[in-house]
Amino acid sequence: MNVQRGIRYVSFFCLLSIVFKPTLSVTHYSIPEEMEEGSVVANLAADLGLDLKTLSERKMRLDVASNRKYLDVNKNTGEMYIVERIDREYFCTSKSVTTCVLKLDATIENPVRLFNIELEIMDINDNAPHFRRDTMHLDISEATTVGERFSLTNAVDPDTGSNSVKTYYLSENDHFSIEIQTGRDGSKFADLILKKALDREEQAVHNLILTAVDGGVPARSGTASIIVRVLDTNDNSPQFEKESYTINLTENSPIGSLVVKLNAKDADEGSNSDIVYSFSLYTSEKTQDTFSLNPENGEIRVKEMINFEDFKIYTMEIIATDKGANTLSGKCKLMILITDMNDNHPQISIKSFTSPVKEDIAVGTVIAVVSVSDKDSGENGQIDIDISDELPFTLKESSDNYYELVVSEPLDREKVPEYDITFTVTDRGKPPLSDNETMTLELLDINDNVPQFPQSFYTIQVVENNAPGALLSSLTAHDPDLHENQYLVYFIIEKEIANTSMSMLFSINPENGNLYALKTFDYEIEKEFLFHIEARDSGVPPLSSNVTVHIIIMDQNDNTPLIVSPWRAHGSVVEEKIPRSTDKGTLIAKVIAIDTDSVHNSRITYQFLQNTDATLFSLDQYNGEIRTMRMFSYRDSRHQRLVVIAKDNGEPSLSATVTIKLSTVETALKTYADLTEVPLEYDIFSDLNLYLVIGLGSVSFLLLITILVTIVLKCQKAKPSKAAPPCRNSVISERNSTIADSTLVSNDAYWYSLFLAETRKGKLVVRQPVPKGARYIVSSIPRSTGLTETSDSAASTLQASTTTSSSSS
């Protein structure tokens with residue numbers, strides 16, 4: 001494409017060089033940058049008026065620009081071509097220079113001549129915007145007011161003009177927006193604006209993406225990360241896990257042993273979350289003498305020997321206070337119950353533990369080894385260990401006081417990503433003492449899940465005349481695996497329809513499954529497509545699934561009705577003659593229009609646009625029949641003009657019109673000769689040929705016999721009642737021939753408007769082709785000429801009409 005653009009630019013400036021050659025001393029060309037090596041810029045010999053035959057002998061050459069030979073001349077053809085790709089940004093480093101020109105000198109000898117050549121390098125969008133810093137860090141206090149602005153590093157683009165940075169976009173978020181500013185030099189930069197108050201405890205860090213987009217076609221973009229760290233204010237008080245605690249403590253517990261470690265949490269950070277623990281004034285001196293409280297970590301330990309017989313219950317109130325500028329505090333109550341006898345708790349120790357493990361780890365695999373112990377003796381030192389029955393693990397004793405944790409059931413990371421395994425040890429004292437230890441087992445993912453679409457069959461309706469590139473639907477599959485096992489790629493399974501690949505009709509975004517149309521569809525040509533789309537994950541080996549997509553093209557009202565009856569030889573005007581004695585209700589004409597659209601868009605109704613006498617003619621809006629509403633009177637004009645419009649039912653409606661000019665004659669009985677005197681559109685006989693005269697006499701004699709036989713046969717049949725509705729009265733055309741009613745029925749072929757013409761020379765069936773459409777067949781019903789009664793005629797098919805045409809001819 002760059003070569004073609006370059007040729008267009010060169011051709012334009014070559015033309016200028018030729019036209020203005022006598023007055024210009026510099027030959028100017030323009031090419032886009034990055035043209036392929038070997039691309040022809042121009043025929044320099046032709047532009048400079050040099051003789052190709054002597055070009056090689058005269059040693060034509062180009063000088064070197066910027067110590068690099070970008071162009072050269074073919075001494076055989078005189079063409080100047082690209083030797084090395086030209087990068088406009090490398091050659092013209094200053095963006096303030098609007099025009100980048102490479103100046104060359106072409107030299108020939110014998111005699112020596114020097115030509116000045118200027119080659120303008122046009123910019124293309126070959127550079128994407130980029131930021132000087134890929135990551136921008138901002139520290140914003142959670143107390144910052146809404147509307148505060150923060151400057152961001154702008155993006156730069158080596159390209160110029162519309163190919164440089166045009167705008168910025170910020171990733172979707174609830175708290176920030178950007179406002180784009182324009183500098184004096186036209187550069188674009190953005191300010192970050194706080195639009196919603198921050199809460200560090202709700203979200204401490206906001207990760208934003210700033211995207212810079214240039215104005216090239218196609219556009220290029222670059223991104224930078226904005227990391228906003230929310231600075232804390234002391235707006236949260238310390239909170240204990242519970243409001244009250246009850247602790248059981250055996251007598252004779254060693255001095256310094258831990259009774260409980262209180263853990264108050266403060267959602268703030270820094271000094272605002274540093275907590276100091278203390279006894280409240282409601283804690284007795286006896287309690288404070290028996291137990292110590294670590295103000296830094298909240299540990300309560302035994303300070304003096306405890307005797308169950310002296311004191312059974314200790315109560316205390318603990319206050320947790322943070323170190324913020326304006327301190328906040330929380331409190332809890334603690335009750336210590338002293339128990340008698342079994343003085344030592346059983347102990348558990350994790351000797352070996354493997355984590356994480358793959359989710360397909362084999363059943364029976366050992367993942368941990370633990371040991372238990374109790375300083376007591378007898379039943380108080382006998383220990384039972386167990387884990388929850390709901391876990392897919394079992395404990396097996398390997399030796400005295402050593403147990404192995406074994407996988408007992410298949411694991412599935414998609415159901416449970418990790419297990420908190422709590423070992424509980426209990427001695428057999430009275431009352432028994434127990435302890436527990438919890439370890440977390442993390443499962444590693446394997447690619448064991450096939451991507452799944454929400455449904456197996458998609459039906460997508462697309463209105464015809466769609467814009468190319470329109471989004472049709474988003475077909476997104478789900479894979480419960482993690483990381484690369486979860487990353488899905490979508491593509492269309494190739495299938496050809498009428499030698500056209502599906503990938504030429506539709507496109508799917510491989511990353512998000514968005515399906516696009518690549519062309520504009522026409523319902524009258526293509527009504528549906530059926531193909532498959534596959535989603536494949538990135539695991540090893542990859543797993544995939546596919547879904548069936550049914551594209552249905554919906555019809556639009558984009559076809560105008562076509563009037564196929566009455567038949568018109570030229571233009572849109574039909575001229576007919578009718579007897580002035582025509583009865584009320586007589587069928588004068590029938591307008592038939594067809595529409596290649598479907599359903600309601602092809603439903604046609606008929607209306608008068610113009611009617612010389614509204615009391616004389618009526619039009620059926622559904623079948624297009626024009627009938628007389630009364631008999632003609634002496635006051636009625638001899639010439640009537642009817643303009644009929646056929647409108648479809650689309651939105652908006654499309655229409656076609658036909659004009660029918662009616663002339664009344666005083667009598668319907670005319671001599672046979674009067675009806676047939678006017679010849680057809682072309683003269684197929686010659687009166688100058690004696691043989692033709694003889695032949696004409698013979699044909700006329702046979703025709704007379706045929707008419708006599710026909711009259712005799714018709715007289716033998718019962719004549720139709722005169723009271724019957726005169727729906728088959730004759731209509732005499734300007735050709736003075738008998739025209740048959742034409743009824744169109746469907747047939748996959750061309751449409752034909754047929755009429756039977758009676759002349760002195762015989763009968764002819766004339767076929768008038770009409771544009772190809774849906775199925776149509778012509779059946780003819782003869783009308784009376786006024787000479788004889790009209791007999792009923794069965795509708796004939798197109799084949800029968802064609803046979804009649806052949807035999808009549």
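Tutor: A charge is taken to sit over a ring if NZ of Lys or CZ of Arg is within 6 Å of the ring centre and within 35 degrees of the ring normal. The model examined here is a predicted one. By that criterion, Lys527 lies over the face of Tyr523, and the distance to the ring centre is 4.8 Å.

A pair of aromatic rings is described by the distance of the centres and the angle of the planes. Over the whole structure, a search returns 11 aromatic pairs. One of them joins Phe131 and Tyr168, with 6.2 Å from centre to centre and 50 degrees between the planes, and is classed as tilted. The two partners come from distant parts of the chain, 37 residues apart: Phe131 belongs to strand β8 (residues 130–131), and Tyr168 to strand β12 (residues 165–170). Is Phe131 buried or exposed? Phe131 counts as buried because its relative accessible area is 4%, under the 20% limit. Tyr168, at 3% relative accessibility, is likewise buried.

A further pair is formed by Phe453 and Tyr490, with centres 6.4 Å apart and planes at 65 degrees, and the arrangement is edge-to-face. This pair also links distant parts of the chain, at a separation of 37 residues: Phe453 is in the loop between β33 (434–444) and β34 (457–463), whereas Tyr490 is in strand β36 (residues 488–493). Phe453 and Tyr490 are both buried. Elsewhere, one aromatic cluster is made up of Phe506, Phe521, Phe529 and Phe531.

β36 and β41 are antiparallel and are paired over 6 bridges. Within that pairing, Tyr490 has Ala535 of β41 as its bridge partner. Tyr490 is thus a ring partner of Phe453 and a bridge partner of Ala535.

Pro541 is located between β41 (528–537) and β42 (544–554), and the peptide bond joining Val540 to Pro541 is cis, with omega about -5 degrees. A cis bond is found as well from Val217 to Pro218, where omega is near 0 degrees. Pro218 is placed in the loop between β15 (205–214) and β16 (221–231).

Positive phi values come next. Glu34, although not a glycine, has a positive phi of about 65 degrees, and its place is in the loop between β1 (26–32) and β2 (40–43). Asn401, again a residue other than glycine, has phi near 65 degrees. Which element holds Asn401? Asn401 is in the loop between β30 (393–399) and β31 (402–407). These two strands form a hairpin with 2 residues between them, and Asn401 is in the turn. Asn401 counts as partly exposed because its relative accessibility is 41%, which falls between the limits of 20% and 50%.

Ser280 is situated between β21 (275–279) and α4 (285–290). Ser280 is buried, since its relative accessible area is 5%. Leaving aside residues up to four places away in sequence, Ser280 touches Gln288, Glu317 and Ile319.

Note on methods: Residues are numbered from 1 along each chain as its sequence is written. This is a predicted model: local features need pLDDT of at least 70, side-chain atom pairs count only at pLDDT 80 or more; totals for chains, interfaces and linings use all residues. Side-chain values use heavy atoms; hydrogens and water are left out. Helices (H or I, at least four residues) and strands (E, at least two) are DSSP runs, numbered from the N terminus. Buried means under 20% relative accessible area, exposed over 50%, partly exposed in between (1.4 Å probe, protein chains only). Two strands pair if DSSP finds at least two bridges between them. Rings of Phe, Tyr and Trp (its six-membered ring) pair if their centres lie within 6.5 Å; planes under 30 degrees apart count as stacked, over 60 as edge-to-face and the rest as tilted. Contact means heavy atoms within 4.5 Å.
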